[in-house]
Amino acid sequence: MQQLEGKVAVVTGASSGIGRALALELTAAGTQVVAAARNRDELLALAAEVKSRMGRDLHVITADVTRPEDNERLVAETVQRHGRLDIFIANAGMTMRARLVDADLESLRRVFEVNFWGALYGIRAALPHVVAQGGSIVGVSSIAGYRGLPGRAAYSGSKFALNGLLEVVRTEYLARGLHVLTACPGFTQSNIRKRALKADGSAGGESFRNEGEMMTAEQCAVHIVRAIVQRRRTLILTRQGRLAVWLNKLWPSLADRLVWQTMRREDDPVV
Ligand SMILES: NC(=O)c1ccc[n+]([C@@H]2O[C@H](COP(=O)([O-])OP(=O)(O)OC[C@H]3O[C@@H](n4cnc5c(N)ncnc54)[C@H](OP(=O)(O)O)[C@@H]3O)[C@@H](O)[C@H]2O)c1
């Protein structure tokens with residue numbers, strides 16, 4: 001178990017959805033949060049909410065995770081201002097929705113660039129500082145990192161790769177007291193589906209699933225923060241998510257059919 005009071009945490013992708021909820025949840029637990037994303041206005045709105053609700057200061061840094069230099073600046077500014085870095089949460093991410101043959105190559109690359117390389121650059125920059133504190137590296141992955149989802153080629157591929165990266169980091173520092181959490185939300189209410197890239201690379205603008213029946217970003221954040229406190233290795237969220245991971249191991253051909261059926265039920269399905 002680790003206490004969060006007085007710790008310093010960086011959250012990428014904190015301008016929306018799960019990252020925003022994580023920033024609020026960690027701040028409420030007494031952690032100094034450094035919130036990063038590209039949309040400065042959304043970050044400043046979050047900082048204003050933290051101030052009015054909790055009377056605390058949120059440190060905001062504008063950064064694009066696909067730029068190695070932005071990740072290095074994010075970590076350097078955090079350590080310079082707060083003197084330490086205990087928890088680094090690689091949460092920034094995006095998705096796409098198109099069959100592989102239809103998807104624009106540039107979009108496929110973009111999704112991988114954000115979800116995998118963006119996480120790798122940030123984790124690599126943060127590691128020496130987090131290791132020095134015996135702290136936590138958290139990758140916000142997905143059920144799609146355990147079970148390929150049709151219509152999400154680059155998304156699933158990038159999350160499988162992220163899971164591998166987190167396993168490598170955990171094992172490289174096994175004897176050094178570093179905690180590495182692979183956090184895999186199931187379907188969670190956020191802006192990710194509205195911003196999902198379509199086959200031609202444009203954003204759809206609307207969710208293609210019923211957001212109302214999903215876990216909320218706040219509930220998801222509570223689970224992730226608890227897993228950080230408990231220094232858990234893996235967190236797989238939602239009953240549907242756990243079933244998908246479990247069934248895929250035990251009876252993969254049945255999992256193929258059920259996953260296909262589930263994705264067929266989306267609005268305007270692509271499979
Ligand atoms: N929602 C779900 O159903 C679900 C399920 C499983 C896993 N996840 C994972 O949860 C994480 C958060 O997603 P979400 O659902 O909360 O989506 P979201 O509401 O769309 O938020 C995505 C966040 O990522 C940031 N981001 C995107 N591209 C970026 C870039 N190049 N540089 C820096 N930040 C960038 C966005 O900020 P800016 O645009 O301001 O940069 C935003 O803050 C992702 O890794 C996603 O794969 C989500």
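Visitor: Which residue has a side-chain N or O atom 2.9 Å from a nitrogen atom of the ligand?
Guide: That's Asp64. Before we go on: this is a predicted model, where local features need pLDDT of at least 70 and side-chain atom pairs count only at pLDDT 80 or more, while totals for chains, interfaces and linings use all residues. Residues are numbered from 1 along each chain as its sequence is written, and side-chain values use heavy atoms, with hydrogens and water left out.

Visitor: Which residues place a backbone N or O atom by an oxygen atom of the ligand?
Guide: Asn39 has one at 2.9 Å, and Gly93 has one at 3.4 Å. The ligand taken alone exposes 890 Å², and the protein buries 97% of that. Those areas come from the Shrake-Rupley method with a 1.4 Å probe; for residues, only the protein chains shown count as cover.

Visitor: How many residues surround the ligand?
Guide: There are 32, and the closest are Ser16, Arg38, Tyr155, Ser190 and Arg195. To be near a molecule or strand, a residue needs a heavy atom within 4 Å of it. Helix H1 (17-28), helix H4 (105-133) and helix H5 (153-172) each give the shell at least two residues. Helices (H or I, at least four residues) and strands (E, at least two) are DSSP runs, numbered from the N terminus.

Visitor: Why is Ser107 called buried?
Guide: Buried means under 20% relative accessible area, exposed means over 50%, and partly exposed is in between (1.4 Å probe, protein chains only). Ser107 comes in at 6%, so it's buried. Its place is in helix H4. Leaving out residues up to four places away in sequence, Ser107 touches Leu197, Lys198 and Gly201, where contact means heavy atoms within 4.5 Å.

Visitor: What makes Ala48 partly exposed?
Guide: Its relative accessible area is 44%, so Ala48 falls in the middle class. Ala48 lies in helix H2 (residues 40-54).

Visitor: Asp268: buried or exposed?
Guide: Exposed, because its relative accessibility is 64%. Asp268 has a positive phi as well, near 50°, and lies in the segment after helix H8 (252-264).

Visitor: How do you know that the radius of gyration agrees with a compact globule?
Guide: The radius is taken over C-alpha atoms, and the globule rule is 2.2 Å times the number of residues to the power 0.38. For 271 residues that gives a value near 18 Å, and the protein has 18 Å, so the two agree. Buried residues make up 55% of the 271.

Visitor: How many helices and strands are in the protein?
Guide: Eight helices and seven strands.

Conventions:
Polar contact = N/O pair within 3.5 Å; in protein donor to acceptor, adjacent residues only side chain to side chain.
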